[in-house]
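I opened my notebook and went through this one step by step. Here is what I looked up, in the order I looked.

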Amino acid sequence: MLNSVRGLPALSGFRVAFVGHSRGGLVARSFLTGTAANPSLAGFLSRVTALITLHSPNAGSGVASVAATVAGLLGRLATAYTGAGLSSAAAFVTMLNGFVLNPVRGELVPGSAALAAIAAAEPIAGVTYHTFGAPAPTLPGYGQMCIRLTAQSHDSFHLCRSRSFTGAARPE
């Protein structure tokens, strides 16, 4: 897709803002950090003005941590069943384990290599980061804005706001 957009002269002057919801915010962050590491994409990256994430698990997901724990227990159970000669039970538990913690969920475990790699390559110079309704990526000086609807009424909400961060340089 990037090659298609890059090849259209009519679009060459447009600025780009990425908006990602949930895991899409992580995908956008990963794309931007990968683009920054690729000199042939510098022209495209210079057009990117903002990254807006909506309820993205920037610091990982507690559910993924629970899934990793359950996967570890299922792995030990499968080993025990195999040792006891119960290969059908071991196969069933192994199959369940595949549902509990597939590689996509594993990337969402707080402190995972995937999340650490994204964080290590940020901020991207010239990109303003905004996040709504989820923990902000761990950039010094990075702010967060969130809107919380109350369960009792959709007419009532609380707005909490601090500053956003532009990736020109890490603030001290």
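Predicted model: local features only at pLDDT ≥ 70, side-chain atom pairs only at ≥ 80, totals over all residues.

**Contacts and overall layout**

I started with contacts (heavy atoms within 4.5 Å). Among those in the chain between residues at least 6 apart in sequence, 64% join residues at least 24 apart.

Residues are numbered from 1 along each chain as its sequence is written, and side-chain values use heavy atoms, with hydrogens and water left out.

Next I looked up helices (H or I, at least four residues) and strands (E, at least two), which are DSSP runs numbered from the N terminus. I found 7 helices and 6 strands in the chain. Along the sequence they follow the pattern α-β-α-α-β-α-α-α-α-β-β-β-β.

Then I checked burial: buried is under 20% relative accessible area, exposed is over 50%, and partly exposed is in between (1.4 Å probe, protein chains only). Of the 172 residues in the chain, 32% are buried.

**Strand E1**

For strand pairs, DSSP has to find at least two bridges. E1 pairs with strand E2 (residues 48–54) in the parallel sense, over 6 bridges. I noted that Gly20 stands opposite Thr53 in E2.

**Aromatic rings**

Rings of Phe, Tyr and Trp (its six-membered ring) pair if their centres lie within 6.5 Å; planes under 30 degrees apart are stacked, over 60 edge-to-face, and the rest tilted. How many aromatic pairs does a search of the whole structure find? I got 3.

In one of these, the ring centres of Phe18 and Phe31 are 5.5 Å apart with the planes at 55°, so I wrote down "tilted". This pair links distant parts of the chain, since Phe18 is in strand E1 and Phe31 in helix H2 (residues 23–36), 13 residues apart.

Phe31 also forms an edge-to-face pair with Phe44, at 6.2 Å centre to centre and 75° between the planes. Phe44 lies in helix H3 (residues 42–45) and Phe31 in helix H2, so this pair ties together parts 13 residues apart in sequence.

Is Phe44 buried or exposed? Phe44 counts as buried because its relative accessibility is 7%, whereas Phe31 counts as partly exposed at 32%. Ring pairs link Phe18, Phe31 and Phe44 into a cluster.
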